[in-house]
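The structure is shown first.

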Amino acid sequence: MKRREIIKQLGVVPVAGSLMASQSMLGGTLGSVTGPLMTKSSKGPSIYESLGIDTIINCRGTFTILGGSTERPEVIEAIEAASGYFVQYDELAEGIGRRLAEITKADWGMVSAGCAAGMKHVTAACVTGGNPEKLIRIPHIDDFEKNEVIIPRSSRNYYDHAIRNIGVKVITVDSPEEMREAINPRTAMIYIMTGDDNETGKPLSLEVISEIAKPKNIPVLADAAAEDLSIPCVHLERGATVVAYSGGKAICGPQCAGLLLGDKDLLMAAWQASSPHHGPGRDNKVGKEEMLGMLAAVEAWTTRDHDKEWQTWLGWLDEISSKLTKIDGITSEVTLPKGLNNRTPRLILKWDPDKLHITGEEVAEEVARNKPRIAIGGWSRGDSTSITITPSQMRPGNAKVVADRLYDFLSQKREPISDEMVSPSEDISGHWEADVKYFTSNSTHKFYLEQDGNWISGTHTSENGSQDMIGMIEGDEVVLRSSFRIPGNGVNFWFIGKISNGELSGSVFLGEYLTAKFSAKKVSYRQNRKKLNVPGGPPLAT
């Protein structure tokens, strides 16, 4: 296996992940602060530059870590118009709910503090039935009549943490038969993430789930966060009780707002479970400005020229493709989405990494970390590598900057990367005990490592699990990687350090969870070298 291929397995820091965490890992610092916060007096990126923060050209899409989506002008106008006045929030929610119902043809509508907050509020509503005595007892719900949520395994994801925050027991199922068996008097709700796995005709399609749930009066929550808004809502028509959207994605509303559409009674109970009402949702406050901004985004959705937007995006991709394909060896294609989720064309630029002597991941890293900073995707598959450009959140003028930046970097002549590696300074095979220092706590981890030249494999035992570990050593520099996984969540560990006299220390890059420090020492286990006697049969006495 080539050196580059093994390094690729260790993982390149994902560009859609935390750029802040990466800076911390690399020891980088933010730019110098130039003075007081700049606002209307200086338009453009100056408000961020006054804090020493670089802006980024977003060619990835509606990732929250990059700021979601660009708010529509109508949204900003509504936010500004809403500020400076006082209203009674229940009356505001009533008016917005009624207006959203008129626009979307749904039974009712509600604005939450993001899609995940909306999922949390709906779960609380299903658990409590709108009873405030139960609401204020969350998350201590073991004795509640309804305290279980069923989720198909294909719908388990990072965002279902919002549902688990209520304290429910999650029941994971793989088939309609398992779902029927899982339903019992304690079932409060069924949750699905919309997409390929619940399309019409699939074993656990929304229609099938609804057919199972409705006779038993079990609400179905459909998470359509990154989808285009359909009017009337296709998922409600297919049997969902409530559908949740993100405000800061395709709808281009406030980043900190979400949209819930569906059954009025259930959404009124969800509103009861959200701020300004005290209880488990008080920490998910949505302001009057965001509420009206979200409503304005939905209204704008019905008047936006979506075809014109699409043609604009294709034009930007063509501008970038036309320039990059002038480089010998680079080909391009535009892929089109099949469904409503993340509905945008994408440009894929491919080449043979052995000819240009660079991978898509390396290109993505270069443009992500150095000015002008651009967030793109980078991938490798076999003997092909590529970068991807998603145009939905690009701004006018970005295409030229992106094309020029990528052309200048990719057209540079590079020598083949040598497969030769610096010999290891030490053999790190064996058992290790590591002290991991998080921001305000310490944790003891254990490694069992086997070294074959420069390459390392083994086991990483973290505080809550045991997982495979891979890595490499060059000279005294060591990189180790593992992934801790639980249903719906996970943590990636990159241990990056130096070995000296049998001691290993450095930084732990935790992806979106920022960084930690670690130090590790080899440990020896006393071996009991006594001959083992195997019993001849079952014991005759205890």
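## A buried serine

Ser-386 has a relative accessibility of 10% and therefore counts as buried (under 20% relative accessible area, with a 1.4 Å probe and protein chains only). This serine belongs to strand S13, residues 384-389, and, when neighbours within four places in sequence are set aside, its contacts (heavy atoms within 4.5 Å) include Ile-348, Trp-351, Gly-360 and Trp-379.

The model is predicted, so that local features need pLDDT of at least 70 and side-chain atom pairs pLDDT 80 or more, while totals for chains, interfaces and linings use all residues. Residues are numbered from 1 along each chain as its sequence is written, and side-chain values use heavy atoms, without hydrogens and water.

## Aromatic pairs

Across the whole structure, 5 aromatic pairs are found (ring centres within 6.5 Å, with planes under 30 degrees apart called stacked, over 60 edge-to-face and the rest tilted, taking the six-membered ring of Trp). Trp-310 and Trp-313 form a tilted pair, because their ring centres are 5.9 Å apart and their planes lie at 50°; Trp-313 is buried, at 13% relative accessible area.

The rings of Phe-495 and Phe-518, with centres 5.2 Å apart and planes at 85°, are edge-to-face, and this pair links distant parts of the chain, 23 residues apart, in strands S19 and S21.

Key
Helix = DSSP H or I, 4+ residues; strand = E, 2+ residues; numbered from the N terminus. Buried < 20%, exposed > 50% of the residue type's maximum accessible area, 1.4 Å probe, protein only.
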